[in-house]
Amino acid sequence: MTDLAEAAVSAGFELPESWREVLADELAKPYFAELAAFVAAERAEHQVFPPSGQEFSALAATPYDKVRVLVLGQDPYHDDGQAHGMSFSVLPGTKTPPSLRNIFKELDADLGIPAPAHGYLMHWAEQGVLLLNAVLTVRAHEPNSHKAKGWEKFTDAVIKAVSARDEPVVFVLWGNYAKKKLPLIDTEKHVVVQGAHPSPLSAKLFFGSKPFSQIDAALEQFGTDAMDWRIPALDA
């Protein structure tokens, strides 16, 4: 491990094992250590979400060789108790945010699966849905406050690493920001599902887009099982 990578680890930026080798080049780059130092300084002065140690929750929940679907978000939730390192997901006991409520509405309209009582998406992640944000930290109550600090370089590398796999993957790009990542994806090998963002600002365009049936159709085209999109009750 390089001195820079060791500095990042000492700041709490240690990647889950399955991702370390494929992202080793990123960990050795100066920007990654600088990013770790920036986030550490922010945490020292401000409240930052998600909590320390949860920055790479999405990578921990979905190992590199298990990714079947990549759903790209932009920025972590910035209100108290919401972000835990997986795009669109919130921990049990947290009120479901508007964008996720709209995702559940479309899931019901598309596949007839009623909205669950909570917004914890671990069941999706464990089936191979990588719930990746482009930026992995945010200052509390200040959206986009950690934009252009280095996270985008890192998550672009994650997207490219998934695209480089031999096995086909479904990439889900909701909204204009996510669609800008299309050049990072080998579209001859993989399937890309694009649509409006589920935010209330663009929900009218998101509703009726049927992304879940599109994802399942692509997975079946790959010769793999469709997703189980149902979110189990917490006591199940």
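Predicted model: local features only at pLDDT ≥ 70, side-chain atom pairs only at ≥ 80, totals over all residues.
Close-up 1. A search of the whole structure turns up one cavity of 30 Å³ or more. On a 1 Å grid over the protein atoms alone, "cavity" means a set of points where a 1.4 Å probe fits but cannot get out, and lining residues have an atom within 4 Å of a point. Its lining is made of Val71, Phe88, Ile103, Leu121, Trp124, Val129, Leu131, Trp174, Phe212, Ile215 and Trp229. Strand S3 (129–133) and helix H11 (211–221) are the elements that give two or more residues to this lining. By class, the lining has eleven nonpolar, no polar and no charged residues (Ala, Val, Leu, Ile, Met, Phe, Trp, Tyr, Cys and Pro count as nonpolar, Asp, Glu, Lys and Arg as charged, and the others, Gly among them, as polar).

Close-up 2. Phe88 lines the largest cavity and sits in the loop between strand S2 (69–73) and helix H6 (98–111). Helices (H or I, at least four residues) and strands (E, at least two) are DSSP runs, numbered from the N terminus. Phi of Phe88 is near 70 degrees, positive in a residue other than glycine. Most residues other than glycine have a negative phi.

**Close-up 3. H6 against H11.** The axes of these two helices come within 8 Å and cross at roughly 65 degrees; axes are lines fitted to C-alpha atoms, for helices over the stretch in contact, with angles from 0 to 180 degrees between N-to-C directions. Ile103, Glu106, Leu107, Asp110 and Leu111 in H6 meet Pro211, Phe212, Ser213 and Asp216 in H11, contact meaning heavy atoms within 4.5 Å. That contact splits into five nonpolar, one polar and three charged residues. Ile103 and Phe212 also turn up in the cavity lining.

**Close-up 4. H4 crossing H8.** Helix H4 (residues 30–45) and helix H8 (residues 151–163) have axes that come within 9 Å and cross at roughly 125 degrees. The pair is therefore oblique (under 35 degrees is roughly parallel, over 145 roughly antiparallel, 65 to 115 roughly perpendicular, the rest oblique). Tyr31, Phe32, Leu35 and Val39 in H4 meet Trp151, Lys153 and Phe154 in H8. This contact has six nonpolar, no polar and one charged residues.

**Close-up 5. A cis peptide bond at Pro50.** Phe49 and Pro50 are joined by a cis peptide bond, with omega about -5 degrees. Pro50 lies in the loop between strand S1 (48–49) and helix H5 (57–61).

**Notes for every view.** Residues are numbered from 1 along each chain as its sequence is written, and side-chain values use heavy atoms, leaving out hydrogens and water. Local features need pLDDT of at least 70 and side-chain atom pairs count only at pLDDT 80 or more, while totals for chains, interfaces and linings use all residues.

Definitions and conventions. 1 Å grid on protein atoms, 1.4 Å probe; cavity = no way out; pocket = protein on both sides within 12 Å on 5 of 7 lines; lining within 4 Å. Points joined across faces, edges and corners; volume = space filled by probe spheres on them.
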